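Subject: Structure for your review

Dear colleague,

Please find the structure below, together with its sequence. I would be grateful if you could read the notes that come after it.

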Amino acid sequence: MIDKFEKRYRRHRRVRAKVKGTKERPRFSVFRSGRHIYGQLIDDEKGRTLISANDLELRPKIEDRRPKVKIKNKKIEKELSGKIRIAYQIGQLIAKKAMEKEIKKVVFDRGGYKYHGRLKAMAEGAREGGLEF
């Protein structure tokens, strides 16, 4: 019997067979656990992580959970809360760090997860921050 972690790992391997990151266009890799979410920009040619961010970096800002973040996307006008809001902010943080290093284009690696929920919010936050997928 194959558990859900093994299934995700297999999906991730299939995605990774097609997605490669370079210095000019690094791979935007996402990992999420039940409690936290992590994002990295990776240069696969050298095997180096160029930029990383996770929700633990936002901890002082997360203490007050009442303010909501609004998506500025024209298609979606809704308020985010909880883990999805944090994922959105992490996407914006990665985009900000990438702009400082003059990285504008990335290849998105969903890590075997569905493009939905926290993953989608992280990608939208990065797009709003200026990254092109």
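The model is predicted: local features require pLDDT of at least 70 and side-chain atom pairs count only at pLDDT 80 or more, while totals for chains, interfaces and linings use all residues. Residues are numbered from 1 along each chain as its sequence is written, and side-chain values use heavy atoms, with hydrogens and water left out.

**The sheet**

Helices (H or I, at least four residues) and strands (E, at least two) are DSSP runs, numbered from the N terminus. Two strands are taken to pair if DSSP finds at least two bridges between them.

E1 and E2 run antiparallel and are joined by 6 bridges. Within this pair, Ser29 stands opposite Gln40, and Arg32 has Ile37 as its bridge partner. The hairpin that joins E1 to E2 passes through 4 residues.

E2 is mostly covered, with 5 of its 7 residues buried. Buried means under 20% relative accessible area, exposed over 50%, and partly exposed in between (1.4 Å probe, protein chains only).

**Helix H3**

The expected span of a helix is 1.5 Å times one less than its number of residues. The 19 residues of H3 should therefore span 27 Å, and the end C-alpha atoms are 28 Å apart, which agrees. Among the buried residues of H3 are Tyr88, Ile90, Leu93 and Ile94. Just after H3, Glu102 takes a positive phi of about 60 degrees.

**The nonpolar core**

A nonpolar core is a set of buried Ala, Val, Leu, Ile, Met, Phe, Trp, Tyr and Cys residues joined through side-chain atoms within 4.5 Å. The largest one has 25 residues, and those touching the most other members are Phe28, Val30, Leu41, Ile90, Ile94, Met122 and Leu131. At least two residues each come from E1 (27–32), E2 (37–43), E3 (48–54), H3 (82–100) and H4 (118–129). H3 supplies the largest share, 8 residues.

Contact means heavy atoms within 4.5 Å. Not counting residues up to four places away in sequence, Phe28 touches residues including Leu41, Ile94, Val107, Met122 and Phe133.

**Gln92**

Which residues does Gln92 contact, leaving aside neighbours within four places in sequence? They are Gly125, Ala126 and Glu128. Gln92 belongs to H3 and is partly exposed, with a relative accessible area of 26%. The side chains of Gln92 and Glu128 make a polar contact at 3.2 Å. A polar contact is a pair of N or O atoms within 3.5 Å; within protein, one must be able to donate a hydrogen and the other to accept it, and residues adjacent in sequence count only if both atoms are side-chain atoms.

Yours sincerely
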